[in-house]
Amino acid sequence: MSSNRQTPRHSWLSGPDRTVRAATAGALAAAGHLTTVDCHRRLRGPYTAAGSLLRAIVPEVLRTRPALVARHAIEILSVAPELKDLVDAPPQTLTSLASPTERTRYYSPLRTRRIAHGLTEFLNAWAQEAGSTAGRPQLVLFDNLHAADPTDQELITVLLRRARTEVLTIAIGTSASPDLPDGLAQALDRHTRRTELPAAPTAPDTRVPNELLQAYITSDGTSDIPAEAAAYRNADPRLRSGLHRVRAVELEEEDDWSLRLGAIAYHRAHAGGRTDDECRDLLTAADYCLRMGYYDAAIELGGQGRDSFDPVAQERLYCVAGGKTAQALGALGRTEEAEVIYRELRGRYTDPVVHMVSSYALSMLYTRIHPAERQDSELAKQYVNNSIAIAKQLPDPADRAFHTVFHENGLALVELRRGHPETALRLVTEGLARLDRELEPGKQSLHRSVLLHNRAQVNVALGRLDEALEDFNGVLALDPYYPEYYCDRAALQYKRGDLAAALADYDKAATLTPPIHELYYNRADARAAAGDTDGAIGDLRYVLELEPDYLAARVNLVSLLIDEGDTELASAQLAQGLELHPGEPDLLCTRGLIAMEQDDADEALRAFDEALAADPLRSAALANRAVLHYEAGDHAAAVADLTRALEVTGDDADLLYNRGFAHQAAGSWRAAIADYRHALDLPGADRDAVECQLAECQAALAVAVAG
């Protein structure tokens, strides 16, 4: 199979010296406009590069295309919070508005992926406008990518694939032998042409050691000049600490929030013991990253606290740092590391709140966060019961009410996982009633919405669709700008058969969030069911633009294209899918269907044979191969495939009809009659067709018996 890989149009400049990388990028930009950003995470932490780029270009875009900025305000303010005085904030959700004490819901780790797609679309639009104005393409150099935060590395992984190269090209700068995550390394290999650069010509450095040391400190620890790094390593530790302290104060005076996530945290970590205020500043930065879904940075910042806080003299700070670190580890699937921290806190302290919080966290690990093979619902229930027992002893009535309800909501999830949905429903309903009864109106609004949403989901599980709809309506009245709620209500409306309502909810959700590929995949289903095939095809193509390896979307798109008679485009999509998923049975089945549409029986048979070699239980391949055998006159082979398909799927009226037809063609009247009669007992049978063939077989059998 030939690859659809095109000649790379982006550049990868690898070498030990950033001055050489910058000079090379400047030469590449001879016919265009060059923007250079430093990706090093020590500067501003998450989205160091993206934030720097946006701070440079958004003011001009805001002047020329304010609607474009408004459309991407979530992404812009997420990565460049310093622009908040220029860019109007989008409508806020209860999650974004919740105070730290009321925050009970955190973003999915997929949020940064969605931000990356939204920023890519913003940058494409910016580059098109800027290029048409300046008459030249835009070139952006992302240097020090090897030292970037995972948020920037994820963005650039997406950008390399999705950048519209006629208006926007990317240059990547890295060290000579960078250690990069697999996805980024693959994107660089696929979409860039690598140039390995030499070191800069050496010349005597006339600076004295203190000047070299100061230069390293001023670079915020990002310098790649060997003499500066050596001067730093060899300096008196007390002198180093003092310079770090002075630099931290200088940066704090700039009052840029993102500096606190990078350079300020770096310098404070090396400036000696922190004051109480500086300790709280570190935890505030860690909490911000946790709340924004920047989990790698939350782990790094929380880890700084665990390394520097005294577990005896600073017990509370140490516990908070550990909790934030463990929560971020769990969000990224590093659950064993998270559990170690929770157990360490439980073993070190006797504070009831520490045991309440860690018991709940361990319960959630064993209920849904650990890998499936480590989940244990019985152990999870023991832990959450312990957290509830402690919550019920809290001295403050409002705290006691909230924490008891919060932890009983966790118990509801455990009970749902244990197969007790009625118990889960009772717990959530009682929790809502208690919050209404014991807390002031407006208090814990976020958790009220979470409880109502959870009750809606339990009602769906119980098949109580009207009650679920009422709950979804209620949660959207509380939190009208949270996109996932619209998606969940849309799925319910689809299940209830109200396609117009489902589509309206999907459309609304799409206006409230950076691109969520699952949203468009599900809307495609609803559009196809409503007869809007073109709309469904458009949504599925967009899904694959966002996530090319989304197999289900690829299969559905190819199937719709076949149904529309566009076998050429279907074949192109199929080829891309098989390149990404070689040997995938669903795609091989689809290749067989295309070949059947093109009357190429040999190719179709090969495709179905390959699909069944990969998955002998693939019923669609068996059923369609049976058609080919029938058309070739091999009725016994057709019967064998259909029999195997029925063993896989269970009773199916269409398969029984087809097997009856094959028996009939082979003159096996009794077997055909048995299949037709069985088919008539099942829902979905084409009764007229089955009864017609049944009558023919009965007549033929009568003649045969009489003869």
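Helix 32, residues 619-631, contains 13 residues and reaches 19 Å from its first C-alpha to its last, close to the 18 Å expected at 1.5 Å a residue. The expected span is 1.5 Å times one less than the number of residues in the helix. Helices here are DSSP runs of H or I with at least four residues, strands are runs of E with at least two, and both are numbered from the N terminus. The model is predicted, so local features need pLDDT of at least 70 and side-chain atom pairs count only at pLDDT 80 or more, while totals for chains, interfaces and linings use all residues. Residues are numbered from 1 along each chain as its sequence is written, and side-chain values use heavy atoms, with hydrogens and water left out.

Buried stands for under 20% relative accessible area, exposed for over 50%, and partly exposed for values in between (1.4 Å probe, protein chains only). Contact requires heavy atoms within 4.5 Å. After helix 32 comes Gly-633, with a positive phi near 85 degrees.

The loop between helix 33 and helix 34 holds Gly-650, which counts as partly exposed because its relative accessibility is 28%. Gly-650 and Glu-166 are 484 residues apart in sequence, and their C-alpha atoms are 53 Å apart in space.

For the chain as a whole, there are 36 helices and five strands. Its C-alpha atoms fill a box of roughly 115 × 70 × 45 Å along the principal axes. Of the 707 residues in the chain, 51% are buried. Among contacts with a separation of 6 or more, 63% involve residues 24 or more positions apart.

Next comes a pair of helices. Two packed helices are described by the angle between their axes and the distance between the axes. The axes of helix 24 (residues 483-496) and helix 25 (residues 499-510) come within 8 Å and cross at roughly 165 degrees. Each axis is a line fitted to C-alpha atoms, for helices over the stretch in contact, and angles run from 0 to 180 degrees between N-to-C directions. Helix 24 and helix 25 are therefore roughly antiparallel to each other, a label for angles over 145 degrees. On the helix 24 side, the contact is made by Pro-483, Tyr-486, Cys-487, Arg-489, Ala-490, Ala-491, Gln-493 and Tyr-494, and on the helix 25 side by Leu-499, Ala-501, Ala-502, Asp-505, Tyr-506, Lys-508 and Ala-509. These residues divide into eleven nonpolar, one polar and three charged. Ala, Val, Leu, Ile, Met, Phe, Trp, Tyr, Cys and Pro count as nonpolar, Asp, Glu, Lys and Arg as charged, and the others, Gly among them, as polar.

Asn-144 sits in the loop between strand 3 (138-143) and helix 8 (150-162), and counts as buried because its relative accessibility is 3%. Asp-220 is found in the loop between helix 10 (209-218) and helix 11 (226-234), and is buried, with a relative accessible area of 6%.

Key:
Angles under 35 degrees count as roughly parallel, over 145 as roughly antiparallel, 65 to 115 as roughly perpendicular and the rest as oblique.
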